[in-house]
Amino acid sequence: HISQSSLSKTIKLLEDELGVKLFDRQGKSLRLNENGRIFHLHIAAALSEINNARKELTDRNSTSYPDLFLYVQAGISMLPDILGGFSKQYPHIHFSISKKQYQEFDSVRRTCDFTFDLPRLDAKDNGHSVTLLEEEFLIAFPPSHWAAGRPWIDLIELKDEPFLTFIPTATYRYNTEQFCQAAGFQPNFILECHDWQTLCGFVRIGMGIAFVPKYTWFSYDNSELSLVPVRSPHCYRKINLSWDGQAYLSSSAQLFRDYVIEYFSRFR
């Protein structure tokens, strides 16, 4: 909501004050140059600290608990049980929830309090997340499939099978590709879905087979699917609770983090 002329003037004043150019002009577009990236890094940290100070002062001097904003990439079917139990203990803490499945966490971490996310299995510990659950993957077959009803299966046996999957930016897609490669083949993906209900629906009608996590899709009626464990390789995923390590954790956030960790320790 800023006019182009006002924005251009503001940028020029800032660059004059700093004595360096922050942007490279390319026709009518602007791109941050190396000076701009350095300045942005420090300014983002400064604004974060100002926001932290505001949060802590509000938290310290308020008689009520601040509300929480959750970003949910995984475990959405478990959320009613989690929030229901938490709200019985702390009825005055309210929640806002975002479920933009394929939005990168980095773009929202400065605005949300927590994310339930799916890290890549090769991701390093960042120091501000905790693994809530390590969840086994099963293979979902339609009832008429030759492998339906088996007690277990080796993944290599499915090298010629059509797989259903999520879009390439999904961690589910990345992890399941790694399982197949570990078994010695490239999966034949014939269909990409945006949600697990649709994916399971296509498996049910015989379009293909798919990896299905053992617990967190349990709200789906899987009575018409055959779910078979994978003996080799070990196929699993992690569900983490993550937060911005630079952000102030309010009293509400600390209570919620402790509650969720305890909830999943009992779930396991």
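The questions below move from the chain as a whole to single residues.

Visitor: How many helices and strands are there in the protein chain?
Guide: The model is a predicted one, and its elements are counted from the N terminus. The protein chain holds 6 helices and 12 strands.

Visitor: What radius of gyration does the protein chain have, and what would a compact globule of 268 residues have?
Guide: The C-alpha trace spans about 70 × 55 × 30 Å along its principal axes. A compact globule of 268 residues would come near 18 Å, but the radius of gyration of the protein chain is 23 Å.

Visitor: What percentage of the residues of the protein chain count as buried?
Guide: The accessible surface of the chain comes to about 15,500 Å², and carbon and sulfur atoms make up 52% of it. A residue counts as buried when its relative accessible area is under 20%. Of the 268 residues, the share that counts as buried is 40%.

Visitor: Within what arc do the buried residues of helix 3 fall?
Guide: The buried residues of helix 3, which runs over residues 79-89, are Leu 79, Ile 82, Leu 83, Gly 85 and Phe 86. Seen down the helix axis, these buried residues line one face, because they fall within an arc of 160°.

Visitor: Is Gly 85 buried or exposed?
Guide: Gly 85 is found in helix 3. The cut-off for a buried residue is under 20% relative accessible area. With 18% relative accessibility, Gly 85 counts as buried.

Visitor: Which exposed residues does helix 3 carry on the face turned away from its buried side?
Guide: The buried side of helix 3 has cover that includes strand 3 (68-72), strand 4 (95-98), strand 5 (114-117) and helix 6 (251-267). On the face turned away from that side, the exposed residues are Pro 80 and Lys 88.

Visitor: Which residues does Ser 98 touch, not counting residues up to four places away in sequence?
Guide: Ser 98 has its place in strand 4 and is buried, with a relative accessible area of 15%. From Asp 113 it is 15 residues apart in sequence and 11 Å apart in space, C-alpha to C-alpha. Not counting residues up to four places away, Ser 98 touches Phe 69, Leu 70, Tyr 71 and Val 72.

Visitor: Which residue of strand 10 is the bridge partner of Ile 139?
Guide: Strand 10 (residues 210-213) has Ala 210 and Val 212 pointing one way and Phe 211 and Pro 213 the other, and all are buried. In a regular strand, side chains alternate between the two faces of the sheet. Strand 10 pairs with strand 6 (residues 129-141) in the antiparallel sense over 4 bridges. The bridge partner of Ile 139 is Phe 211.

Visitor: With which side chain does the side chain of Asn 240 make a polar contact?
Guide: Asn 240 lies in strand 12 (residues 236-242) and counts as buried at 8% relative accessibility. The residues touched by Asn 240 include Thr 115, Phe 116 and Asp 117. Its side chain makes a polar contact of 2.9 Å with the side chain of Thr 131.

Visitor: Is Thr 131 buried or partly exposed?
Guide: Thr 131 is found in strand 6, and its contacts include Lys 238, Ile 239 and Arg 268. Since its relative accessibility is 34%, Thr 131 counts as partly exposed.

Visitor: Which side chain makes a polar contact with the side chain of Ser 242?
Guide: Ser 242 is found in strand 12 and is buried, with a relative accessible area of 3%. At 2.8 Å, the polar contact of the Ser 242 side chain is with the side chain of Asp 117.

Visitor: What kind of peptide bond joins Ser 232 and Pro 233?
Guide: Pro 233 has its place in the loop between strand 11 (226-232) and strand 12. Most peptide bonds are trans. Between Ser 232 and Pro 233, however, omega is about -5°, and the bond is cis.

Key:
Residues are numbered from 1 along each chain as its sequence is written. This is a predicted model: local features need pLDDT of at least 70, side-chain atom pairs count only at pLDDT 80 or more; totals for chains, interfaces and linings use all residues. Side-chain values use heavy atoms; hydrogens and water are left out. Buried means under 20% relative accessible area, exposed over 50%, partly exposed in between (1.4 Å probe, protein chains only). Helices (H or I, at least four residues) and strands (E, at least two) are DSSP runs, numbered from the N terminus. The arc is that of the directions from the helix axis to the C-beta atoms. Contact means heavy atoms within 4.5 Å. Two strands pair if DSSP finds at least two bridges between them. A polar contact is a pair of N or O atoms within 3.5 Å; within protein, one must be able to donate a hydrogen and the other to accept it, and residues adjacent in sequence count only if both atoms are side-chain atoms. The radius of gyration is taken over C-alpha atoms; the globule rule is 2.2 Å times the number of residues to the power 0.38. Accessible areas come from the Shrake-Rupley method with a 1.4 Å probe; for residues, only the protein chains shown count as cover.
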